[in-house]
Amino acid sequence: MSRVRWMVAAVAIGWGCGGGCGGGSEGPEGSDQSTGTSESSTSAVTSTSSASLDSTGTTIAGTTTTEGSSSSDGGSSTGEPPVEEPWEPGTVYPTPEGPNARGLLDRRGAIHTHSVYSHDACDGMPQDAGGVPDPVCLEDLRRGLCQTQHDFVMFTDHGDSFADNTFPDVLLYDPARGDVLVERGGDPVASWAGCVGQPVVPERPTLIMAGCESGTMPIGLEHHAPGLGATYGSATPAAIDELRAAGAVILVAHTEEWDVSELVDLPLDGFEMYNLHANLEANIAAGLALLTQILTGDPGLPHSDLVLFPLWQEDPRYLERWGSVLSSGVRRVTTMGTDAHRNSFPQELPDGERIDSFRRMLLWFSNHLLVEPAADGSWDDLALDDALLAGRLFGVFEYMGYAEGFDAVIEAGGEVFELGAEVPLGDGPEIVVQRPGVRNLDPGAMPPVITTHVLRAIDGGFEEVATEAGPELRYAPDAPGAYRVEVRMAPLHLTEYLGSHADGAATPRVWIYANPFYVMP
């Protein structure tokens, strides 16, 4: 796998492995959406508690009070609305609790990450001889879940060790931490992971779902497949049917390792549009240069939570396969894979935290699912599955800032449709995109330059059909096909945090990847 090859390259220059490597809404009123700046620092406050700084330096975004106020819950006794501190690297914002104007909830989380139930996690020693999870690694994982305020995490543990463990263990269920099981038919299918004992907001638990990365990558398994390891390790239609019967959405990981024909012909639900480990392997020269900076204590290092910045790049292998599959006429949802194991980079960055901690890797980017809530406003694992299968997903690289105000719909025949929708060309469809800004951008920072784009899938990748630097992009497709939206940013607001890599802030890079709309003949 690409992760292993990257580890070998790191060790070759003296990196080492410590304990051992295992083998819709608009933006706030008064804002300039092209730069992300805002005249109102009090708008869109959605946090539920005062901000706190944990031992690793992560800021859990909360509220501060206006001058002259004093309120123990972070509110203002003067009647003024609470004010958030400006965003900086490491700051975390929870998603809005309520729905958007069309009644959908934005729920953010990780798809494709590993736990103590993967054999190669935790520096290759996830459990002792008695099967007890490594307490340091488990605590790092649980702390990371709380610190990043994800609404959900869909684990994808490797097939051999995953099959050897049972539900609800593979859901990390621990009632002492405030966990609450989701049961169906009397059996545990998911778990709301609490944050008891963590210096973060406990009111927003993370929904944990089980999955497996082996032959394919089924996520959201409600129970083990009857065939266990034999099923998990197979990529045949029969195995996929068995996994789907166990409640899973069927994805595959590491898109660079799959042929277009396999992605089209297998009865899959989707595949990855980005994978972090594949990114690192593809940009190994930049990685070696950064490792040298770290090992020598170079003062030109970027902020510890921006260590991804000089390494990130788009992967043409992913774009080529993604576009080719969609242009063939099949539907596939695409996701962004964190692929965290806590087994590659144990050395500490200047903030005192190891490079590959679960918190840091989960912080860099996430998948946003537009979820249809129940009548009482609640949601569960089934609602996430429904959003996935419908293609209501966009990914955000939040290491550059949280996107506020992003929206993408397609209007056709007098109706409004969400990401993943199919609409006929004869209904005069028009794609409408609202350009986001960086939430709570520091007014003293250099503003980023943000543009929106529409791309059409073609054999071999995508062709850009529209771009806009203003607050709204409208594009009317003139031919059938799969059309996706992306947002690019020149992150000039990060300049002061990037050290010797500051020149890179002037180059636009992808901030948001969205799943496509399908315009039918």
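**Entry 1: helix H5**

I looked up what covers the buried residues of H5, and the cover includes strand S12 (217–221), helix H4 (229–232) and strand S13 (249–252). Here contact means heavy atoms within 4.5 Å. Helices (H or I, at least four residues) and strands (E, at least two) are DSSP runs, numbered from the N terminus. I note that this is a predicted model: local features need pLDDT of at least 70, side-chain atom pairs count only at pLDDT 80 or more, and totals for chains, interfaces and linings use all residues. Residues are numbered from 1 along each chain as its sequence is written, and side-chain values use heavy atoms, with hydrogens and water left out.

Which residues of helix H5 (residues 237–245) are buried? I found Ala-239, Ile-240 and Leu-243. Buried means under 20% relative accessible area, exposed over 50%, and partly exposed in between (1.4 Å probe, protein chains only). Seen down the axis of H5, the buried residues fall within an arc of 100°, so they line one face of the helix. The arc is that of the directions from the helix axis to the C-beta atoms. On the other side of H5, I noted Ala-238 and Ala-245 as exposed. Just after H5 comes Gly-247, with a positive phi of about 95°.

**Entry 2: the disulfides**

How many disulfides does the structure hold? I counted 2. The cut-off is a pair of cysteine sulfur atoms within 2.5 Å. A disulfide is a covalent bond between the sulfur atoms of two cysteines.

The link of Cys-122 and Cys-137 is left-handed, with -70° about the S-S bond. Cys-122 lies in the loop between strand S6 (105–113) and helix H2 (135–148), and Cys-137 in helix H2, so the pair ties together parts that are 15 residues apart in sequence. I checked both ends: Cys-122 is buried at 4% relative accessibility, and Cys-137 is buried at 1%.

Another disulfide joins Cys-146 to Cys-195, S to S 2.1 Å. The link of Cys-146 and Cys-195 is left-handed, with -110° about the S-S bond. This pair links distant parts of the chain, 49 residues apart: Cys-146 is in helix H2, and Cys-195 is in the loop between strand S10 (187–193) and strand S11 (206–213). Buried or exposed, I asked of Cys-146? Cys-146 counts as buried, at 2% relative accessibility. Cys-195 is buried too, with a relative accessible area of 7%.

**Entry 3: Cys-212**

I also looked up Cys-212, which counts as buried at 0% relative accessibility.
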